[in-house]
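Welcome, and please get your viewer ready. We will go from the whole chain down to a single residue, one selection at a time.

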Amino acid sequence: MQFLRTAFWVVIAVALAFFCMANYVPVTVRLWGDLVMETKLPVLLIGAYILGALPFWIMARATRWRMKRKLESTERALVAATATPSPAVTAAEDAAAAAPSLSVTGQA
């Protein structure tokens with residue numbers, strides 16, 4: 001599985017490199033007023049992609065963090081619940097211990 005993940009990222013990196021080499025032309029961007037930015041096209045597109053993906057990445061990390069906290073809380077509650085036996089179980093164990101056991105001959 002690790003090989004497939006690595007192969008996928010290598011293919012993406014090679015495709016991105018070919019795109020950058022084929023489209024390495026200067027682009028003039030008018031930001032606001034008289035402010036003008038001159039940059040290369042791949043830099044502009046990669047920057048726009050990262051800027052657009054950032055909110056979703058933050059949201060995914062926050063969701064993962066929240067779910068991890070909820071799972072840890074549930075696991076702690078499960079450990080606490082299984083560590084102390086319930087009163088019904090202890091009463092049944094006490095009753096079984098108090099009852100005399102019959103031997104093979106049938107006498108107590």
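Accessible areas here come from the Shrake-Rupley method with a 1.4 Å probe. With that in mind, select everything and show the surface: the accessible surface of the protein is about 9,700 Å², and carbon and sulfur atoms hold 71% of that area. Keep in mind as you look around that this is a predicted model.

Next, switch to a cartoon view. Trace the chain along its sequence and the elements come in the order α-β-β-α-α.

Now colour by burial. Of the 108 residues in the protein, 5% count as buried.

Time to zoom in. Select L16, F19, L45, I46, Y49 and I50 and show their side chains; together these residues make a nonpolar surface patch of about 550 Å². Two elements each give two or more residues to this patch, namely α1 (2-22) and α2 (41-83). Which element gives the most to the nonpolar patch? Colour the helices separately and look at α2, which supplies four residues.

For the last stop, centre on L45, which sits in helix α2. Is L45 buried, partly exposed or exposed? Its relative accessibility is 39%, so L45 counts as partly exposed: the partly exposed class lies between buried, under 20%, and exposed, over 50%. Leave L45 highlighted with the other patch members, L16, F19, I46, Y49 and I50, and the tour ends there.

Notes: Residues numbered from 1 in each chain as written. Predicted model: local features only at pLDDT ≥ 70, side-chain atom pairs only at ≥ 80, totals over all residues. Heavy atoms only, no water. Patch = residues over 30% accessible without salt bridge, like charges linked within 9 Å, V, L, I, M, F, W, Y side chains within 5 Å. Salt bridge = Lys/Arg side-chain N within 4 Å of Asp/Glu carboxyl O. Buried < 20%, exposed > 50% of the residue type's maximum accessible area, 1.4 Å probe, protein only.
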